[in-house]
Structure formats: C-alpha cells, structure tokens
Amino acid sequence: MEEKPGWSYRFIPSLNMQIAINDTSGIMYTEDKIKYSAEEQKLLKTVDYQLPISVHRLKKFFNGTIVSIG
C-alpha cells in the first residue's frame, strides 16, 4: 500500500494486510480496497482493529456495514 500524507497506516495481523485511516475524515481502507466508514472505523478501534477475516470477507462480498462489535 502506497503511503500518502494525511493518512495513518498500520498492519493488521488478523487481516494479514495494511489499513489506511484518513486523518481528517476517519474513513478507513484496507489494502484490498474495502472502505469502512468513520463510524465503522471507530467501532474497530475499540478492538484494536482485530477484525476477523470472515467478517471482512462478508463485508466485501455483500458491501455491508458493521453496526456493532460483540
């Protein structure tokens, strides 16, 4: 993932890929170009972004929205 100014990057072991979080909007993208809204990103932050790969794949396939972390 090419790093650009205005974005924060980190590697997420559970996804085995990098994420990029926009420093202004809070929108997050994964290395495979899946977009997470600022609200989803805030939820994921509560679990240190350790999203199960199965949930990520479902979001990718159905273009869904994460509404809670259980």
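**A chat about the fold**

Biologist: Let's start with glutamate 40: buried or exposed?
Modeller: Glutamate 40 has a relative accessibility of 3%, and with buried meaning under 20%, it counts as buried. Keep in mind that this is a predicted model.

Biologist: Okay! Which helix is glutamate 40 found in?
Modeller: Glutamate 40 belongs to helix H1, which covers residues 38–45.

Biologist: And what does the side chain of glutamate 40 reach?
Modeller: That side chain comes to 2.7 Å from the backbone nitrogen of isoleucine 66. If we skip neighbours within four places in sequence, glutamate 40 is in contact with Lys35, Lys59, Gly64, Thr65 and Ile66.

Biologist: Lysine 59 is on that list. Where is lysine 59 found?
Modeller: Lysine 59 is in helix H2, residues 53–62. With a relative accessible area of 8%, lysine 59 is buried too.

Biologist: What does the charged end of lysine 59 sit over?
Modeller: The charged end sits over the ring of tyrosine 36, at 4.8 Å from the ring's centre. The side chain of lysine 59 also reaches the backbone oxygen of lysine 35, at 3.4 Å. Apart from neighbours within four places in sequence, the contacts of lysine 59 include Tyr36, Lys35 and Glu40.

Biologist: Now the core. How many residues has the largest nonpolar core?
Modeller: That core has 12 residues: Ile12, Leu15, Met17, Ile19, Ile21, Met28, Ile34, Tyr36, Leu44, Tyr49, Leu51 and Ile66. Strand S2 gives the most to it, with three residues. As background, nonpolar side chains tend to be buried together in soluble globular proteins.

Biologist: Isoleucine 66 again! What is isoleucine 66 in contact with?
Modeller: Leaving out neighbours within four places in sequence, isoleucine 66 is in contact with Tyr36, Glu40, Leu43, Leu44, Leu51 and Val55.

Biologist: Switching to the sheet. In what order do the strands come?
Modeller: The order is S1-S2-S3-S4, in an open sheet of four strands with antiparallel pairing. Strands S1 (7–12) and S4 (35–36) are at the edges with a single partner strand each, so one side of each has no neighbour in the sheet.

Biologist: What holds strands together, in general?
Modeller: Strands of a sheet pair through backbone hydrogen bonds, in a parallel or an antiparallel way.

Biologist: And over how many bridges do S1 and S2 pair?
Modeller: Strand S2 covers residues 17–22, and its antiparallel pairing with S1 runs over six bridges. Tyrosine 9 stands opposite alanine 20 in S2, and isoleucine 12 stands opposite methionine 17.

Biologist: Last topic, the rings. How many aromatic pairs does the structure hold?
Modeller: Two aromatic pairs. In one, the rings of tryptophan 7 and tyrosine 29 have centres 6.1 Å apart and planes at 55 degrees, so that pair is tilted. The pair links distant parts of the chain, with tryptophan 7 in strand S1 and tyrosine 29 in strand S3, 22 residues apart. Tryptophan 7 is partly exposed at 26% relative accessible area, and tyrosine 29 is partly exposed at 32%.

Biologist: And why is the pair of phenylalanine 61 and phenylalanine 62 called edge-to-face?
Modeller: Their planes stand at 90 degrees, so the pair is edge-to-face, and the ring centres are 4.7 Å apart. The cut-off for that label is over 60 degrees. Phenylalanine 61 counts as exposed at 66% relative accessibility, and phenylalanine 62 is exposed with a relative accessible area of 57%.

Biologist: Thanks, that helps a lot!

Conventions:
Residues numbered from 1 in each chain as written. Predicted model: local features only at pLDDT ≥ 70, side-chain atom pairs only at ≥ 80, totals over all residues. Heavy atoms only, no water. Pairing = 2+ DSSP bridges. Helix = DSSP H or I, 4+ residues; strand = E, 2+ residues; numbered from the N terminus. Buried < 20%, exposed > 50% of the residue type's maximum accessible area, 1.4 Å probe, protein only. Polar contact = N/O pair within 3.5 Å; in protein donor to acceptor, adjacent residues only side chain to side chain. Contact = heavy atoms within 4.5 Å. Phe/Tyr/Trp six-rings, centres within 6.5 Å; stacked < 30°, edge-to-face > 60°. Lys NZ or Arg CZ within 6 Å of the ring centre and 35° of its normal. Core = buried A, V, L, I, M, F, W, Y, C linked by side-chain atoms within 4.5 Å.
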